[in-house]
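Please have a look at the structure first.

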Amino acid sequence: MRNALLLATIGSALALAGCGKGEDKPANGASPGTPIAAVPAPAGTSWSDTVAETPAGGFVRGNPDAPVKVIEYASFTCPHCAEFAKTADEAMARTVDTGKVSFEFRNLIRDPLDVTMALVARCGGKEPFFSLTHQLFANQAQTFATLQAKGEPAYQGAMAAPPAQRFIKLAELSGLIDFAKQRGITESQARTCLADINKAEALAKANETAVKEYDVQGTPTLIMNGSKLDNVATWPDLEARLREAGV
């Protein structure tokens, strides 16, 4: 039953989550809105290092009371999301450090490799989550190449494994266990995380919530203060919207 459920949820995820939909019109050149005052972080801390897991299953960094709240729905196997991470992550961290903006990352699952990468990102807990996420995106092309080099029969063999072994085998094939070990996650810890079927199912199930709440159909999709930002999928576009909001 669990095997069937996991296959069904992953199948639904694949049907719902495209990469790079609806992102052709730039939103640059916006006039700044009424300026929002900066909010210092507590002494000895920075807002970009203030991270919490959210009830929606994402991770948020920044001032919990920030007046501007940004959510990104992203997929680890989406090249557009990797490009967004490359261009936006450092700038967003600086923006978050002003205390004006919080930034939440939520997964939109596209395929089994996406689940595998998401489980690795979560394996170290909340503190290294954003760093691991950035590095997973930076390593995306290499992950694809490593997995592809193993061949289709190896991939299908991994997918035919019992659910508790499936993502472990995909991680072995794609080099993600070694990736995790190089970043302070032990092999035992990584394998335990990758065998967590409840978490894998929760990640896939969250796609339904994304579609229901925000009509998320592709990645990256950005939400600001509860409203989806149509045709905004690059850092310059998001930066323009933040300026409009007074950031």
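This is a predicted model: local features need pLDDT of at least 70, side-chain atom pairs count only at pLDDT 80 or more; totals for chains, interfaces and linings use all residues.

Which element gives the largest share of the lining of the largest pocket? That share, seven residues, comes from helix 2, where helices are DSSP runs of H or I with at least four residues and strands are E runs of at least two, numbered from the N terminus. Residues are numbered from 1 along each chain as its sequence is written, and side-chain values use heavy atoms, with hydrogens and water left out.

The largest pocket has a volume of about 310 Å³, and of its 22 lining residues, Arg61, Asp89, Phe130, Ser131 and His134 lie nearest the centre. A pocket here is an open set of points on a 1 Å grid over the protein atoms alone, where a 1.4 Å probe fits, with protein on both sides within 12 Å along at least five of seven lines, and lining residues have an atom within 4 Å of a point.

The second largest pocket holds about 240 Å³ of space, and among its 14 lining residues Ala56, Gly57, Arg122, Ala202 and Ala206 are the closest to its centre. Helix 10 (197-214) provides the largest share of that lining, six residues.

Finally, Asp114, in helix 3 (residues 112-122), is buried (under 20% relative accessible area, 1.4 Å probe, protein chains only). Asp114 has no salt bridge, meaning a side-chain nitrogen of Lys or Arg within 4 Å of a carboxyl oxygen of Asp or Glu, and the nearest side chain of opposite charge, Arg110, is 5.7 Å away.

Methods
Buried means under 20% relative accessible area, exposed over 50%, partly exposed in between (1.4 Å probe, protein chains only). Lys and Arg count as positive and Asp and Glu as negative; His and the chain ends are not counted. Grid points are joined across faces, edges and corners, and a volume is the space filled by probe spheres set on the points.
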